[in-house]
Structures are given as structure tokens and as C-alpha cells.
Amino acid sequence: MNLTGPQYVIEAGPHRATIVEVGAGLQRYTCDGVDVTGTYDPRELPPKACGIVLVPWPNRIRGGKYSFDGADYQLALTEPAAGNAIHGLGRWARWTAVTHELSRLTLRLDVVPQNGYPFPVRAEVTYALDADRGLAVTITARNLAARRVPFGAGSHPYLSTRGHALADVTLRLPAAERLVTDEKGLPIGVRPVAGSAHDLRRGKRLKTLRMDDGFTALDADPAQRFAELRTPDGTGARLWFDGAFSYLQVLTLDALTPQQAAVAVEPMTCAPDAFNSGAGLMVLDPGGSWTGTWGITPL
């Protein structure tokens, strides 16, 4: 039995991706049979949120509490050890397949109004493969309520190190600032990366650097809006994103699964705890919508 529900396969040229129902997650992406992203056994739960879509907020909300338009809300604490609400409401939901073609899949989730988030929002994610360019992922959201709603989005892909240790891979990030966080993983400030170990704008080997860090002040040049992981033999992946995403969360894991290192590069519309800080938070008017696209090109 697959704990993540039905699997949907799309293909184009040498590219093949498997997307699962639960969390609308990218379970596997290969090119010429080689893993481009971190993967897991679909009979298991996605480790460390591997591949999932993050709506109606990415990352964490402190204490699961926030205020919006004069009302106070309390979300379930889905990161109990730290006392946070994490990764939105679509993580463990069964997304519905709207269209499934040879190289394209669209899944939909109607977020059920509930305690802590009494707002009906419809989210869709489209995974599309191109024989030359690789994978593109488009997320859309529409406010179905008769009032304003707070909203944020993101995705949680992992880039594969292709069997190499984290110490040996090179990571490039187009970010000039890093979010300073407290012991709960929540921002308490922003610091320039210049002169620090986290200045990865030119790309450098990770060596001993390990991260669970948010980054912002992303390069405004559309041609430079990408993160890149390269292995010692020059292979790897480029994760690109459009202007809808103003933040990246980077998580390095020596063992996403046993014997598999990976680096999560998560495009996000807003900062962690944006429902409280307002940093990057979107407010969708009645009937309002949002769209953002990111993708992965194998190297």
C-alpha cells in the first residue's frame, strides 16, 4: 500500500517525474534514469516534507497563532516539539487530479475552512515536463471567500547529490541576505551574507556548512534567479523561480533517507512566520488569485 496515495507519472524525452496524491508531492524526478531530486519509497511517509506543496503558508507560524483583520486565530501545532504550525494545510491532504496527460499533470485542493484558517481557498499545482528544459511547476490559488484572506505558498523539493557527500557538492544561491532565527527556527532579524560562510552567490563547496536557513534579497535579474547544486563531476541541477517567490529556505541533510544526502531549496512567497511579521505576506481579495512558477533543469 502506498501511504502517499495514487502515483501519477509524466514523461518527456529523457525526463520522468512521479507525483503523489498526498501533498501533491514530487516523489521522484529522473533524467536518463538518474535521480535529479531526492526521493523516497512511496510506501513510506515523505521524509522531511520531501517534495510537497506548501499552502496556504510555507514554513512555520510561531505558536500557530496570528491575527488578521481584527480577529485572532489558533492553528494546530503540527511541529509540536517547537510549538509551531508548519508547512500549511495541504501537506497531508489528498489532492484531486484535474488533468493527467503524457507530460503534464494538474492537481487541485480546496482548503477546507477550519479552526485557525476559516478561509476557503482553491489551490492548484501543475507539473509539466519538457524534453529540453526539464520540469516546470506552476502553483495557483484563488480566494473563494467573500472576505480577504491571508496567503502564502511554496514548494519543498530536494536536489539530489547523486551519491556524493554534502561536503563535496557546490551550492549557489542568488541571495544577499540571510534570515537570523531563534531556537524555534523563526526569524528574529536579517543579516547580509557578504563576508560570511553563507555567501553562496558565486557558488562554493559546502564542506562543513550545514543549513536550515532562510534567504532573501534575491537577485532581481530574471536570468540570475536560480539556485544550483553541482557535484564534483559537474552534474547536478538548477532550480529556477519567477518573481512570485521572494524567499528561499535551504535545508541540507546528510541522510534524507539512509544512504541518500540531499539539499532542499524551497521557493517561498513569504518569510517564515509571515502571518505575524507580514514579511512577504499576500492578502487575496474576494475572488482574487495568485500564480507562481518554479522549475528544475538537470545539469
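Two strands count as paired here if DSSP finds at least two bridges between them; keep that in mind for the close-ups of this predicted model.

**View 1. Strand S18 and its partners S19 and S21.** S18 (residues 175–181) and S19 (residues 187–192) run antiparallel and share five bridges. Look for Thr181, which sits opposite Pro187 of S19.

**View 2. The open four-stranded sheet.** The strand order is S1-S2-S3-S4, and the pairing is antiparallel. S1 (7–12) and S4 (34–35) are the edge strands; each has a single partner, so one side of each has no neighbour in the sheet. Six bridges tie S1 to S2 (residues 15–20), with Gln7 facing Val20 of S2.

View 3. Most residues other than glycine have a negative phi. Ala24 counts as buried because its relative accessibility is 0%. Asp69 also has a positive phi, near 50°, in the loop between S7 (65–68) and S8 (71–74). Asp69 is exposed, though, with a relative accessible area of 52%.

**View 4. A cis peptide bond at Pro56.** The bond from Val55 to Pro56 is cis, its omega near 0°. Pro56 belongs to the loop between S5 (53–54) and S6 (60–62).

Notes:
Residues are numbered from 1 along each chain as its sequence is written. This is a predicted model: local features need pLDDT of at least 70, side-chain atom pairs count only at pLDDT 80 or more; totals for chains, interfaces and linings use all residues. Side-chain values use heavy atoms; hydrogens and water are left out. Helices (H or I, at least four residues) and strands (E, at least two) are DSSP runs, numbered from the N terminus. Buried means under 20% relative accessible area, exposed over 50%, partly exposed in between (1.4 Å probe, protein chains only).
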